[in-house]
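This briefing covers the structure shown below.

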Amino acid sequence: MVASTRKSSGLALFAAKLGEQHENLLAVHSRALALRRLSLQSIAIAANRGLVTIDYDGGYFRSNHPDKKAPALPERIRGMPPAAQKMGFWFSRMSVHQIASTLRVQF
């Protein structure tokens, strides 16, 4: 659904499309909770291996190898990086409270 939503449409329109099937919108919270530990472990491994640098004060991390070519991705996940960039763009324009309210999740 992220791929079919224009970047300029924003998170609110994406949530509205997701909410057309109410169970999909409600599933966002439980899926985020289920993947929280895996996400934290992945970031920790990347930091320990020197792949990323974490800025604890700013609350973000960045790649240490921006010039390297991205690996070839399997077909089933090729749409994920552009979707993640789109969501990151939407999230950057909103407060944490607005994101939580729009997606009906808790942090």
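A charge sits over a ring if NZ of Lys or CZ of Arg is within 6 Å of the ring centre and within 35 degrees of the ring normal. The charged end of Lys7 meets this rule with the ring of Phe89, at 4.3 Å from the ring centre. The model is predicted, with local features needing pLDDT of at least 70 and side-chain atom pairs pLDDT 80 or more, whereas totals for chains, interfaces and linings use all residues. Residues are numbered from 1 along each chain, and side-chain values use heavy atoms, without hydrogens and water.

**Largest pocket**
- A pocket is an open set of points on a 1 Å grid where a 1.4 Å probe fits, with protein on both sides within 12 Å along at least five of seven lines; lining residues have an atom within 4 Å of a point.
- Of its 36 lining residues, Leu35, Ser39, Ala84, Met87 and Phe91 lie nearest the centre.
- The largest share of this lining, 12 residues, is supplied by α2.

**Largest nonpolar core**
- Such a core joins buried residues (under 20% relative accessible area, 1.4 Å probe) of the types Ala, Val, Leu, Ile, Met, Phe, Trp, Tyr and Cys through side-chain atoms within 4.5 Å.
- The largest one has 12 residues, including Phe14, Trp90 and Ile99.
- To this core α1 gives the most, with 4 residues.

**Backbone**
- Although not a glycine, Arg104 has a positive phi of about 55°.
- Arg104 lies in the segment after α4.

How values were computed: Helix = DSSP H or I, 4+ residues; strand = E, 2+ residues; numbered from the N terminus. Buried < 20%, exposed > 50% of the residue type's maximum accessible area, 1.4 Å probe, protein only.
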